Amino acid sequence: MISTARVPADKPVRIAFSLDNASDDTPPEDAIPLVFPELDQQLQPLPPCHDSMESMQVFKQHCQIAEEYREVKKEIALLEERKFVLAVACISAGRPQRKELIAKLDQAEKEKLDAAQLAREFEALTEENRTLKLAQSQCIEQLEKLRIQYQKRQGSS
């Protein structure tokens, strides 16, 4: 079946076709499902290779990080909304309440900065954790090789 549609000249076009009798509703094999549709495409976790435990583990970690990123973004949006409400209240408030509202606004801004700092620290700790796990596995391999060498020496003497 051939379908046609008008596409604006500035939009990229992807053309796919198949010579088998598959229906037109099936997505192409290389289509990547969006696990977190609200995330940018470059931040989406890539589907894992189901034959590789390491790939599955990386995919799970990426999903956890994406979920935490989504939660931080949600918290930032709530804080910005709260800031806006406080700003509107500040404008309509009298002089005595204005100082309190400004202090609350400053506190909300500080919380927003703290959330961003926590997100950066989380990313750094996640990378450090991955590095340490890699170092641990290398040490385990090295220890096993040393054990084998030691057993060979004990066996030969």
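Is Phe84 buried or exposed? I looked this up and found that Phe84 is exposed, because its relative accessible area is 57%, and I applied the cut-offs of under 20% for buried, over 50% for exposed and partly exposed in between, with a 1.4 Å probe and protein chains only.

**Entry: what I am reading.** I note that this is a predicted model, in which local features need pLDDT of at least 70 and side-chain atom pairs count only at pLDDT 80 or more, while totals for chains, interfaces and linings use all residues. Residues are numbered from 1 along each chain as its sequence is written, and side-chain values use heavy atoms, with hydrogens and water left out.

Entry: I placed Phe84 in helix 1, where helices are DSSP runs of H or I with at least four residues, numbered from the N terminus.

**Entry: salt bridges.** I searched the whole structure and found seven salt bridges, each being a side-chain nitrogen of Lys or Arg within 4 Å of a carboxyl oxygen of Asp or Glu. Side chains of opposite charge can pair when their charged atoms come close.

I first looked at Arg82 and Glu111, whose closest N and O atoms are 3.6 Å apart. This pair links distant parts of the chain, with Arg82 in helix 1 and Glu111 in helix 2, 29 residues apart. Arg82 counts as partly exposed at 38% relative accessibility, and Glu111 is partly exposed at 26%.

Next I took Glu109 and Lys83, which meet in a salt bridge at 3.1 Å, N to O. Here too distant parts of the chain are linked, since Glu109 lies in helix 2 and Lys83 in helix 1, 26 residues apart.

I then turned to Asp114 and Lys110, whose side chains meet in a salt bridge at 3.4 Å, N to O. Both lie in helix 2, four residues apart, about one turn of the helix.

**Entry: the cavity.** I counted one cavity of 30 Å³ or more, a cavity being a set of points on a 1 Å grid over the protein atoms alone where a 1.4 Å probe fits but cannot get out. The largest cavity holds about 30 Å³ of space, a volume being the space filled by probe spheres set on the points. Its lining, meaning residues with an atom within 4 Å of a point, consists of Leu79, Glu80, Lys83, Ala108, Glu109 and Lys112. Helix 1 (53-92) and helix 2 (95-156) each give two or more residues to this lining. By class I noted two nonpolar, no polar and four charged residues there, with Ala and Leu among those counted as nonpolar and Asp, Glu, Lys and Arg as charged.

Conventions. 1 Å grid on protein atoms, 1.4 Å probe; cavity = no way out; pocket = protein on both sides within 12 Å on 5 of 7 lines; lining within 4 Å.
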